[in-house]
Amino acid sequence: MNSEEIYRLLEPIIKTYLPEDISAKEINRNSDLTRELNINSAHLVDIVLDIEDVFNIEFKNEDMESLRNVNDAISLIQQKISG
Amino acid sequence: MKHNYILNSLPYSEPFLFVDEILSVSEYAIKGTYTFEHDAYFYKGHFKDYPITPGVILTECMAQIGLVCFGIYLLNGKTISEKSTFALSSTEIDFYLPVYPGEKVSVVSEKIYFRFQKLKCKVKMLNAKEQVIAKGTISGMILKENKSK
């Protein structure tokens, strides 16, 4: 799966947890999930759990710590599906 | 784990402590009780001349037993040396019956998941007749206290 395909699956997951004052148009690969998209830490966990289901992978605690923006998510997903 | 250890680790005190006793706890579920005293401060204003336990207080009681007590149990051994704080992240509760001053309630909470420091539980509150007062889902984050403080 290339990063474009991953992004297409990832975007709707993130969209689900966006607060009302953030438009889905603001999601891009460099978006910082908590600082720019205003996703709280509890919803960040929900996003990771949804990613696990959609991509059939498992995140570890240290993955969570390195997850800052959309690109981080894409590369973590890529590592795990190829690993 | 001793049930007393959980109670002693709670970050609350009067007049905002809503846990009396833990009846049972395991990796999957917890059960505890609380009795709403007749002279609790909120009955004075909720409602005027008609004391009834506020829904937010029932929710707080469900969260203290079902999430915080449970979280202390689930955390034990992992971050025992670090001070942790608890933050409520979401609640979705339906209410069925009122709770009057002096009533004893029990709270049963079942774990849905506990991952990445987020605990999500299915929680219900029952009265002395085992009737459902309220039920729903509550989740919270267990945050490590900032050491620089």
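In this predicted model, the axes of helix 1 (residues 3-16) and helix 4 (residues 70-82) of chain A come within 10 Å and cross at roughly 115 degrees. That angle makes helix 1 of chain A roughly perpendicular to helix 4 of chain A, and the crossing of these two helices is right-handed. Two packed helices are described in general by the angle between their axes and the distance between the axes. On the side of helix 1 of chain A, the residues that meet helix 4 are S3(A), I6(A), Y7(A) and L10(A), and their counterparts in helix 4 of chain A are V70(A), A73(A), I74(A), I77(A) and Q78(A). When the residues of this contact are sorted by class, seven are nonpolar and two are polar, while no charged residues are found there.

In chain B, six strands form an open sheet in the order 1-2-4-5-6-3, with antiparallel pairing. Strand 1 (21-25) and strand 3 (84-95) of chain B each have a single partner strand and stand at the edges, so one side of each is left without a neighbour in the sheet. Neighbouring strands of this sheet are turned against each other by 25 degrees on average, direction ignored.

Within the sheet, strand 4 of chain B runs antiparallel to strand 5 of chain B, and nine bridges join them. The hairpin of these two strands has two residues between the strands, and F116(B) takes a positive phi near 50 degrees in it. Strand 5 (residues 118-126) of chain B also pairs in the antiparallel sense with strand 6 (residues 132-144) of chain B, over nine bridges. The hairpin of strand 5 and strand 6 of chain B has five residues between the strands, and E130(B) in its turn has a positive phi of about 65 degrees. The position of K124(B) in strand 5 of chain B can be followed in both directions, as V108(B) stands opposite K124(B) and K124(B) in turn stands opposite K135(B) in strand 6 of chain B. For K122(B), the bridge partner in strand 6 of chain B is T137(B).

Between the two chains, eight residues of chain A are in contact with seven residues of chain B. The elements that give two or more residues to the side of chain A that touches chain B are helix 2 (41-55) and helix 3 (61-65) of chain A, and helix 2 of chain A gives the most, with five residues. By class, this side of chain A has five nonpolar and three polar residues, and no charged residues. Helix 2 of chain A lies across strand 3, strand 4 (104-115), strand 5 and strand 6 of chain B, and runs at about 95 degrees to strand 6 of chain B.

Key. Residues numbered from 1 in each chain as written. Chains lettered and ligands numbered in written order. Predicted model: local features only at pLDDT ≥ 70, side-chain atom pairs only at ≥ 80, totals over all residues. Helix = DSSP H or I, 4+ residues; strand = E, 2+ residues; numbered from the N terminus. Nonpolar A, V, L, I, M, F, W, Y, C, P; charged D, E, K, R; others polar. Pairing = 2+ DSSP bridges. Axes fitted to C-alpha atoms, helices over the stretch in contact; angles between N-to-C directions. Parallel < 35°, antiparallel > 145°, perpendicular 65-115°, else oblique. Left-handed = near helix turned anticlockwise from the far one by under 90°.
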